[in-house]
Amino acid sequence: MFNHCADPSLLDGLSWWSCYLTTGKHINFYQSFLVVFALLLLTVPIILAFGFAGALARRSRMLPVRWFGLGYTSMVRGIPDIIFFLFVPIAMDQGIEYLRHQWKCSDWLEPVRQGNDFVVCTAAKMPLGISPQWVHETYGFLLATLAFAIVFGAFAANTLHGALGAVPKAQLETAAAFGMSRGQIFRRIHLPQMWAYALPGLSNLWMILIKATPLLFLLGVEDIVYWARELGGTKTARFAYPHPDWRLGYFLVLLVFYLGLTWVSEKFFNNLTRRVSKGQTTIGGTV
Amino acid sequence: MKLTTLLTTAALATGIASASMADAIRMGTEGAYPPYNFVNDAGEVDGFEREVGDALCERAELECTWVTNDWDSIIPNLVSGNYDTIIAGMSITDERDEVIDFTSEYFPPDPSTYVALAGYDGDLSGAIVAAQTSTIQASYIASSGATLVEFATPEETVAAVRNGEADAVLADDAFLADIVNASNGELAFTGEPVSIGGGIGMGIRESDTELKDKMNAAIASIKADGTLTALIAKWFDGRMVKY
C-alpha cells in the first residue's frame, strides 16, 4: 500500500509493521468487521418481524394460526441452532435452484438428484456460474442472515409474547371503556406499553446475537474469525511477511472487539430501557 | 446498496440466454497448504495449483474464478454445486472416487513424512501422531498401531507437535519441508517416509463428464509440452518429474 513496502525483506521494526498491517489480506480482515456489522443491522428488522409474527400468531383467535405460532417458537427453540444454521442455507439454496429449474428448464429430462449430486441446468443456478465472486458471497451472506433471523425470531417471538401478556389488563379495559377499537387499543396502548416489558428480554437476545455472529464462519462466509485464523497461522518464507503462529494475538483482537461491542450495546439498552420505562413500575422504571 | 445491486443483477440475469454460460467455471481449493495452494499476502489464491489451474483453463478455453473452501466441506460443496472442480492437493483414492470423479493425475504421489520436535527418536508405530481430518495420512495412521489425533487445518496439526499435544505429524513431504526449514531447528524430520495414495488429481462431479473430458485433454496437453514439468520444478525445489 505504501511505497516503502515494495521489498518486505528489507524492512524492520515499525516500517515492517506498517506494511504488514496494510497488506491486501489485512484490508480484507478490516472489511470483514463491516460484514459482522452488516449482519447485525440486517437481521434486527427481520428478527423483529418474525418475532412479532410469531407472538401475534400465538395470541390469535384462530386455532391453526395459534398452533403455527406455538410450533414455530417451540421447534426453533428446542432444536440446536447449529442444525438450523447448517440446514437453512443449504435447503434454501437447493429449494430456490429447484424452483428456477422447474421454471426455466422444464424440458430437462434427467432427474435433479443424481446419486449424490444435486444437478440443475446452468440457467437455473443461483447465483449464476458467470456471476462475479461478490455476488456469490453476498448471496451466501443473505442466506446466513435468513438462518439467523429464523432462529432468533423464535426467541424474539417468545419474549414479545410474554411482554404482550404482561401489560396490565386494566389498561386495555380502560381503553375499551373509552371506546377505542381493537386496532386502536393495540397500536396506542398495548404496543407502546409492551416495550417496557420486552426490552430486557430483547437486549439479552441482542447480546446472544452478537456472540453468535462467528457462526457465519461455519457457513463459509469470510468473517472476522475466518480472517483471524487465516492471518494468524504460521507463515513460512514463501510468503512476503513470514511470521510464527500469531493466532493468539489475532483472537485477542477479536475478544477486545466483541467485549467493546457488548459494552456499547449495554449502555445503549440501559438508556433505552430508562426512557421507555418512565413512570412504569417495572425494574427499569423511574417512578 | 449491495442488496439492490444484487437484486438488479438477479433480475437481469434471469433474462440472459444460456449460450454463454458453459465457458465459466469455478475452481475450488483449500488455500491452506503451501506450496500446493495458499492465499498470498495480497489475499489471492496462489501456489503450484493456482498456476496449473490457470494453465488448464487456458488450454480448455474456460473462464475460471478461484474460490477457497475449508477442507472438511470441500467434497460436499462440490457435489451441491458451489464450485465445479476441486484442485486442492487431493490424492486420488477409491473412497473419494465413490463420491466424485477424478481427472488424470497432475502430480505424482508425494511421499508422506513424519516431523517431530528436534531430537525425538521414539517409536512412531506406537506414538501419538497428528494429521488433518479426511486425508490419506489420517486413514494410514488410523489403520496402523499409532494413536491418531485429527485437526481441521494443516496449521493446527503442526501447532499440536509444537505444544506437545502430539509426538509427530504426518503430512505431504512438500508441505512439511517448508515448515521444517522455517522452524530454525525446532522441528526435524523423523522416521521413514511412507508412500500412501495415488497421484494428485482434480475432483469433478460424477455427472459432469463434459468438464472431466475437457480437463483431461488439457492435462494431457500441459504434460506433452513440458509446462507441467516446469511448474513442478518451480514450486518443488527443482524436482524433476518426467511426463
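Which loop of chain B holds Pro35(B)? Pro35(B) lies in the loop between β2 (32-33) and β3 (37-39) of chain B. This is a predicted model, in which local features need pLDDT of at least 70, side-chain atom pairs count only at pLDDT 80 or more, and totals for chains, interfaces and linings use all residues. Residues are numbered from 1 along each chain as its sequence is written, while chains are lettered from A and ligands numbered from 1 in the order in which they are written.

**Chain A**

- Chain A has ten helices and two strands, where helices (H or I, at least four residues) and strands (E, at least two) are DSSP runs numbered from the N terminus.
- Along the sequence, the elements of chain A come in the pattern α-α-α-α-β-β-α-α-α-α-α-α.
- The radius of gyration of chain A is 25 Å, well over the 19 Å that the globule rule gives for 287 residues, so chain A is more spread out than a compact globule. This radius is taken over C-alpha atoms, and the globule rule is 2.2 Å times the number of residues to the power 0.38.
- The C-alpha trace of chain A spans about 80 × 60 × 30 Å along its principal axes.
- Of the 287 residues of chain A, 29% count as buried. A residue is buried if 20 or more other C-beta atoms lie within 10 Å of its own, exposed if 12 or fewer, and partly exposed in between, with C-beta atoms placed from the backbone.
- Among contacts in chain A between residues at least 6 apart in sequence, 62% join residues at least 24 apart. Two residues are in contact if their C-beta atoms, placed from the backbone, lie within 7 Å.
- The average pLDDT (the predictor's confidence in each residue, from 0 to 100) of chain A is 88, and 98% of the residues score at least 70.
- Among the elements of chain A, the lowest mean pLDDT (74) belongs to strand β2 (residues 117-118) of chain A, and the highest (94) to helix α6 (residues 169-177) of chain A.

**Domains of chain B**

- Chain B is divided into domain 1 (25-108 + 199-235) and domain 2 (112-194); the bounds come from an automatic or database domain assignment.
- The C-alpha centres of domain 1 of chain B and domain 2 of chain B are 25 Å apart.
- Nine residues from domain 1 of chain B and twelve residues from domain 2 of chain B take part in the contact.
- The side of domain 1 of chain B that touches domain 2 of chain B has five nonpolar, three polar and one charged residues. Here Ala, Val, Leu, Ile, Met, Phe, Trp, Tyr, Cys and Pro count as nonpolar, Asp, Glu, Lys and Arg as charged, and the others, Gly among them, as polar.

**Strands and a helix in chain B**

- Five strands form an open sheet in the order β5-β1-β6-β13-β7 (chain B), with mixed pairing. Two strands pair if DSSP finds at least two bridges between them.
- β5 (63-68) and β7 (101-102) of chain B stand at the edges with a single partner strand each, so one side of each is left without a neighbour in the sheet.
- Six bridges join strand β1 (residues 24-29) of chain B to β5(B) in the parallel sense, and Thr29(B) stands opposite Thr68(B) in β5(B).
- β8(B) and β11(B) run antiparallel and are joined by five bridges; Ser112(B) stands opposite Asp172(B) in β11(B).
- β9(B) and β11(B) run parallel, with two bridges, and Ala130(B) has Val169(B) in β11(B) as its bridge partner.
- Five of the five residues of β11(B) are buried, so β11(B) is largely enclosed by the rest of the structure.
- In helix α5 (residues 136-143) of chain B, the residues Ile136(B), Gln137(B), Ala138(B) and Ile141(B) are buried. Their cover includes β8 (112-117), β9 (128-132), β10 (147-151) and β11 (168-172) of chain B.

**Where the chains meet**

- 34 residues of chain B are in contact with 34 residues of chain A.
- On the side of chain B that touches chain A, two or more residues each come from α1 (2-13), β1, β5, α6 (154-162) and α7 (173-182) of chain B.
- α1(B) gives the largest share of that side, four residues.
- By class, the side of chain B that touches chain A has 17 nonpolar, ten polar and seven charged residues.

**Backbone details in chain B**

- Pro34(B) and Pro35(B) are joined by a cis peptide bond, with omega about 0°.
- Glu61(B), in the loop between α2 (48-59) and β5 of chain B, has a positive phi near 55° and is a residue other than glycine. Glu61(B) is exposed, with 9 other C-beta atoms within 10 Å.
- Asn184(B), in the loop between α7 and β12 (187-194) of chain B, has a positive phi of about 55° although it is not a glycine. Asn184(B) is exposed, with 9 other C-beta atoms within 10 Å.
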